[in-house]
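Good morning, colleagues. Please look at the model on the screen while I take you through its ring contacts, its helical spans and its strands.

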Amino acid sequence: MTIFIWTIQFIFIPVVSPLCVGIIKKIKARLQNREGASIFQPYKDLWKLLHKDEVISRDASWIFSSAPFIIFSVTIVVGASIPIFEPFFNNTLTGDMLIIVYALAIGTFFLALSGMDTGSAFGGLGSSREMTLSALAEGGLIFSLLTVALISGTTNLFAISSSIFGQGQHFLSVLLAFSGFFIVLLAETARFPYDNPDTHLELTMIHEAMILEYSGKRLALMEWASANKLLIFFALGANLFFPSGLAQNAYADAIILCIVIFMVKIFIFCLVIALIESSMAKFRFFRLPDLLLISFILNVVAIGLIY
Amino acid sequence: MPLLTTNMIKKIQQFIPKDAQVEFHDNNATFEVSILEIKKVARDLYANKNLSLKLITATDEREENGYFKIWYVFGVPKENLFIIPFILLKNKTEFPSISLVIYEALNYERKIKTFFGLTPIGCQDKRPIILHENWPTDVFPLRKDFDWQKRPQIATSGIYNFQKVKGEGIYEIPVGPIHAGIIEPGHFRFSVAGERIVLLEPRLGYTHKGSEKLFEVLPLDEKIKLSEKISGDSSFSHSLAFCQALEKLSDTTLPTRALYLRVIYAELERLANHFGDIGAIMMDTGFNFGGAQGSRLREMVMQINERITGSRFLRGVNTIGGVTKDIDNLEKNKLLLELKTISKDFSKVIGVALNSTSLLNRLKGTGVLSAEIAKNHGVIGVVGKAVGIINDARVDYPYAAYDKLLPDEIVTEQDGDVYARFLVRIKEAHASMKIIEDALDKLPKEDINIPNLNVVFKKNTFAMSVVEGWRGEIAYFVTTDENGSISRVVPRDPSFINWAVLRDAGFDNVIPDFPLINKSFNLSYSGNDL
């Protein structure tokens, strides 16, 4: 049974992540009076890209060719190390909050390097913007996770998600920390109001500018990795801050129920993101640090409220 | 031909140097100026008499008369008059540049240099315009002895000198000519310090099609079709301006119903494009709701166009002597009803948009064009109106039935930012709907064109025609030779003028705002490159 659960845990993020992207796109399309593509379109896109030839610039170094594999692997490892439906697991090897945050940072680091590697003007722009944002977002991310860590007295994510349940007196702290976390989530996953995942305007891009030079299989990995990252952040947000509905034992019926509940939470995240992206304009680049500062302040207040 | 009243002659006389020999062609007064005098005369008309420069162009008349002629066309707003001094270049290929006294003359002179091989002496910008390095520098396509069917040898040596900014941390970003969206090709060279634009230089010419030369060689009905393709989104306005010039050259008087129909079609074109632009501006800020609604409204108008005329872009509608498609009573009532729905929808969408703080925050203060720079470049159309320049061919040079259906007032804004250009479009769209309703109400019962019209052009003359397209004023200058056939057609799209100030609007903005600024201008590449 444990092997079985581990398998689900391991493949869950990469298997479900394209669906999230598809759902967000579908909701956005409907909100714009469009029919929109099927929610399974991202799978078809990945399949298509995986079967395409690719073009790699003559000037590209090993960083460009290996970055997609590094970035994708990082998301797989992180995806396997966070609580999705089984807080009873107690993964003590990679399930630590700091390991997760900085493992994701390795991915961002290589993403930024690969953007600059070919020397294209847009990649450089994207990388410099990404580094500005992720440096600012890091504080918010660490502090929001620290809030729940302090409440439950451990930095192990599995332990946090099983113990934060029933900490009713810290409800306000958790809520504030979640708000801070959500602001960072939008920045880290290249969503509104930071970045426009649907734009074709190279000059405005952040994430898309960095992967502009990729094609074929490597592009598929890059797209897949960013979908994984989106789901990882959804899972962190759902299970660390609102862990109700997580399985407390390893019986099959409990696990199935948990996965269903988890999917509902994910759907709510998708819906909120789609609503944000349909109802507001993207912010000017220089207003974004303010927003991340707000996230930081929310978390500091949340920590202050604990004591 | 409307005879010139003494009153008009008196008015004209104040613009003309005393010793000049004036010739009248319709509503144009033309006179020769010596090469030494042209700077002074042009400056006097432009700065002291406050005339607006419509265009500067050359004609190659070496075969008949042995000279090149350079025309300086000035318009007298509200009077529907054109004052046109010209200079003659006999056995020489140099002429004095007036760009130091009239800055907006610069690009016209560069164009004469590139296409006629006549050198403007004193012109500060010696780079060719529109034609690229692959075009040999000693072949001049608008000279009459250039064989349009022969392809010249590809030149390989030239380089184009972009302006350079030097300094620590300056980063150069080349963008285009191929873009990610389905838009026309154009190259932009940015020099940035961090995210700030220090210098932006557009380089165009990628859609050069030799239209001006084609105008000289194609048969007449093909010429009208060609005018529809100068800038595809302004098909009707361009062909309207061209047909009006041809009607002046052949002394054709139109039935009034045709004049009213032309107003209706022209405003439908404006409406469709303004809706599209308003949506596109919102789309570029990421405000997806507005973007989707803009394209929906535009599509509604395009489908009306298709139903009435069979063409979404109103092509094949204009003809010499009127229009080819009528609006019958049934259609009229249907259209009035649809306009009501569209108007209600549009107001609702704009209501939502103007209540969105995040949208307004992106639009306000972005891409500010100063009024002074705009005036020096003679900026026209939406961009000009957004800095308070009151210029609208529908009022200044009334054509079709606009004298009876005048827009209440010319809408203007003062701030010159993206928001101002956005608002001008909104107000113009509202005004357009009113004009269409008004025109439908007053639509007289008559023919829509002149059946079996035998078109004969006057000999050795020329005509000017201006039309307010949705981007701004479109001007056509058409000349005929001694046989009464068209010898030169100069289409001047507003984009040709407004492209020159895009760099000023972009200056000191952040790079991610440039696409938005560019969209708020939405200039035609094809209309500029010809």
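**Aromatic pairs and strands in a predicted model**

Over all chains, a search of the whole structure finds 34 aromatic pairs. A pair here means rings of Phe, Tyr and Trp (its six-membered ring) with centres within 6.5 Å; planes under 30 degrees apart count as stacked, over 60 as edge-to-face and the rest as tilted.

Before going further, a word on conventions. This is a predicted model, in which local features need pLDDT of at least 70 and side-chain atom pairs count only at pLDDT 80 or more, while totals for chains, interfaces and linings use all residues. Residues are numbered from 1 along each chain as its sequence is written, chains are lettered from A and ligands numbered from 1 in the order in which they are written, and side-chain values use heavy atoms, with hydrogens and water left out.

Let me begin with chain A. A:Phe182 and A:Phe269 form a tilted pair, 6.3 Å centre to centre with 35° between the planes. What does this pair tie together? A:Phe182 belongs to helix 7 (residues 171–188) of chain A and A:Phe269 to helix 10 (residues 252–279) of chain A, so the pair ties together parts that are 87 residues apart in sequence. Helices (H or I, at least four residues) and strands (E, at least two) are DSSP runs, numbered from the N terminus. Both A:Phe182 and A:Phe269 are buried, that is, under 20% relative accessible area, where exposed is over 50% and partly exposed in between (1.4 Å probe, protein chains only). Ring pairs also link A:Phe182 and A:Phe269 into a cluster whose members include A:Phe178, A:Phe233 and A:Phe241.

In chain B, the ring centres of B:Trp499 and B:Tyr525 lie 5.0 Å apart with planes at 70°, so this pair is edge-to-face. B:Trp499 is in the loop between helix 15 (494–498) and helix 16 (502–506) of chain B, and B:Tyr525 is in helix 18 (residues 525–529) of chain B, 26 residues apart. B:Trp499 is buried, with a relative accessible area of 6%; B:Tyr525 is buried as well, at 5%.

UniProt, in an unreviewed entry, places the feature "transmembrane region" at several spans of chain A, among them residues 6–24 and 97–114. UniProt positions are given in the numbering used here, feature names are shortened, and annotations may be inferred rather than shown by experiment. Residues 6–24 of chain A are 100% helix and 0% strand, with end C-alpha atoms 28 Å apart. For residues 97–114 of chain A, also 100% helix and 0% strand, that separation is 26 Å.

I turn now to the strands of chain B. Is strand 9 (residues 187–193) of chain B largely enclosed or open? In strand 9 of chain B, 6 of the 7 residues are buried, so the strand is largely enclosed by the rest of the structure. Strand 8 (residues 170–175) of chain B pairs with strand 9 of chain B in the antiparallel sense over 6 bridges; two strands pair if DSSP finds at least two bridges between them. Here B:Pro174 stands opposite B:Arg189. On to strand 10 (residues 196–203) of chain B: 7 bridges join this strand to strand 9 of chain B, and the two run antiparallel. B:His187 stands opposite B:Arg203. Their hairpin has 2 residues between the strands, and B:Gly194 takes a positive phi near 65°.
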